[in-house]
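Trainee: May we go through this chain together, taking selected residues in turn?

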Amino acid sequence: MIEKLSLTCDRLLSHRQLACCHTFCGIPLHGKDMLIYNNMDTEQKPLLLTGHHGEISAMTFGKGSSPVLLCSASADYIIVWDIELCQKRTQEGKIAAGTVIGTLLGEVSHLSFCFSDERVAVCSGVNIYILNSKRHEVISTLTGHLGILTSSEFCPWNTDILITTSEDRTFKVWDLKTEAVCYQSFVLSASPLLSMLVLEENRHLVTGSADGQVWCFSLPDDHKCQLVTKMDLQKMEKRYQMHQETVGHQAESAEQSTVDKVETSKPVLKMALCSLSPDTNTEQTKDNSCLCIGSSNGLYVVDLATSELLTALYFRDYPNLSITMAGSWSVSPGWDKSVMFLGSSLFTPCVVLLELNLQDLERMWTGSEGFSVFPSSPLLLESPLNAELKKKECNHPKKKGGLKDQPLVFHSKVKSSGYTSAPRRIMFSPKTNLQKNPSSKKANKNIDLLRDYPAESAAPTTPHVCLSIAYKPVCCLQYSGDGKHILCGLGDNSVLLYKSSVAGNPTVYTGHDKPVRSVSWSLNRQWWLSASEDQKLRIWTHSSPDPAIIMSESMFTKPIRSAQFYYLDKFLLFASGPSLYLYLYNVDTTHDDIKRYQQQSVVKLARCFVTTAGTDIAALSAVNDFFSYIVLVCGSDRTIQVFDMNEGRVAAELPDSHSRAIHCITQNKGSMFSTQALDSYNLFLTSAVTDGVKLWDLRTLRCVRRYENHLNRCHPCSAAISPCGKFIASGSEDSYAYVYDVRSSSYLHKLQRHSDTVLSVTFNPAMPEVQGLVNEPCLQAVGDWLEGRRVNRQGV
């Protein structure tokens, strides 16, 4: 952060709106005059503007670059200045003059131009005056706030929409055509709202308060704003400091302990959008959602997509600056990836112009190199993935004695010569009225062709079927790889196998003694597994109602979590307590009639891994559809650990990934019916109670977006990624299932209200359908999703 200009004034300007654009900055002089400095050359003689008779209380530059307009306000006049024309008149020895567009409007607290620079919004007291920027004309007057107005902004994509904030702690959306309020927010905070920013790219509005709270709302065409995310600067700062703490910083923390004990308020004085985005982001998650927030003690750079603080630039860390506490800010994009900040001191009559280089922040954000789900090197000789299972050789008993009599023909039956049959009296006659067999068409229809998943399909919205299946919660569910069947693990210790249409009676598999918490299909869809809280894992086949493999509780000390097939069905991968198990197996469905209860299938432990801190594993995820060395493990200590199974070690660890322990982790695995960009497969989701859903990038080991419109306070509501990689579905405790666009933090649809908590959701891999699962006995299919939820005992 570089100080380009420092100016000592004759009075305090701590609560005045200052003006700054990418080429000029404006500073009041002696109360009634203004100095206009060139940002590129601050040593150049400033332009002096005179014309006000009262003290200037607000200034702002227009949105356009040619001509550059400046609007200034005092209790007597509202004047618009053409800076280039004023410079020309000054060079000719004439007095620079502006256009008076308003008179005697009271004490003005804020000014803002529309994006065409044709109108100016003037905030004075509780009134908003819309003025013509070309002549003296009051277009409209808006009244409705109960407190003094603090800021106003025109909508970038609709200049007839104005948003205002006030000390009454609310914001309003105005329709300038009808001069009516389109939307009025609830009371957001105990402190006044001070600033506001409208983001055109994702159509969001962001507002901040005097106590450091920041809210982000969606601004749709119907103007019914929905809360997208809420942030607290103090909490974000504490999380940021915890991440920055290392052994090498202990000496610094000891020196700053006295400073850190004093907590200061962090008012959101000004906000601006920064074009800060590393090149490693995929096209799905890439956006310029970094927010520069000017507060009293420095500058905060916040990633709006993840609600995380990227960096904090404190005044105390820059002793050469002329300012230690700020009272007001004005922010504008500069040249060559820089941002210009014009700030006034809170306690001294001083104004500074600061320049921040964003390239330094990009290098800080990019960080170290991450990982990829795709292997970049062959297997090591000592890799656990090289383990093989020796199959038993069948020892057939040797036959005693010599050769027995053999038949003279090679068939067990010999066709008769026909001597005993009656002679044929009718010779060959052609069939002239042959009808086509209708069953042939049906046979052709039943041919299973791999059709591509519709990549351009819209998100699911229409309910398809709702089915009440039991009197216990549906704990988990999963589609088969071809999308033809659905497995449901129930709280009554059973597993149900449905067709994807959820029609007809399911096949019931019983044997567990406690609720089934995990089900998984094999890649060849010939068998599947179920894991329960009874510390048993069972592998089932289509051919038998009895399990082919039973791994009993004597092999494990704690319940099995997140069991699945791994490495193209070569291994069984699951967790129990702090241990991650990798088992080889061989499914043998043959039975000896005498020893029919003796298990012919074989399992063998290939390797057992333990988490770094020895904490229990709450969830895990790995790719089975293609070769991948990466296994993601979530611990009860809120960490995400990346296991490299080729080397057999923990390759990376993400501490404090959520505020609570993660209960669900899901990778973007796509399906056999869809193809995505290779980088997209490095994305994965995590869910935690009270902390929403986070989208992570494995290559940077950073959270790239956060989704928290749904309600998740106590139940383990899971999330899923669509096969096309465009949508995310999440369960919720408000009896809805939420569908998000992966590129936006605001939800697309709330799927039909249910009777209880939606626990689990999953997408059909073959077609746009989602299934959902509730906390009691119901399945519901909507468009292309399946969800599980909890319903009342009476059913649906």
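The questions below concern selected residues and the cysteines.

Mentor: Please note that this is a predicted model, in which local features need pLDDT of at least 70, side-chain atom pairs count only at pLDDT 80 or more, and totals for chains, interfaces and linings use all residues. Residues are numbered from 1 along each chain as its sequence is written, and side-chain values use heavy atoms, with hydrogens and water left out.

Trainee: Is Q213 buried or exposed?

Mentor: Q213 lies in strand β20, residues 213-218; strands are DSSP runs of E of at least two residues, numbered from the N terminus. Buried means under 20% relative accessible area, exposed over 50%, and partly exposed in between, with a 1.4 Å probe and protein chains only. Because its relative accessibility is 13%, Q213 counts as buried.

Trainee: With which side chain does the side chain of Q213 make a polar contact?

Mentor: Contact means heavy atoms within 4.5 Å. Leaving aside residues up to four places away in sequence, Q213 touches T207, G208, K230, M231, D232 and V268. A polar contact is a pair of N or O atoms within 3.5 Å; within protein, one must be able to donate a hydrogen and the other to accept it, and residues adjacent in sequence count only if both atoms are side-chain atoms. At 2.9 Å, the side-chain partner of Q213 is D232.

Trainee: Which cysteine does the disulfide join to C274?

Mentor: A disulfide is a pair of cysteine sulfur atoms within 2.5 Å, and the structure holds one. The S to S distance from C274 is 2.3 Å, and the partner is C292. This pair links distant parts of the chain, 18 residues apart, with C274 in strand β22 (residues 270-274) and C292 in strand β23 (residues 290-294). Both ends are buried, namely C274 and C292.

Trainee: What is the handedness of the link of C274 and C292?

Mentor: The handedness is given with the angle about the S-S bond, which is -120°. The link of C274 and C292 is left-handed.

Trainee: The side chain of N524 reaches the backbone nitrogen of which residue?

Mentor: N524 is found in the loop between β34 (516-521) and β35 (527-532), and its relative accessible area of 30% makes N524 partly exposed. Its side chain also makes a polar contact with the side chain of S522 at 2.6 Å. The backbone nitrogen reached by the side chain of N524, at 3.0 Å, is that of Q526.

Technical notes. Helices (H or I, at least four residues) and strands (E, at least two) are DSSP runs, numbered from the N terminus.
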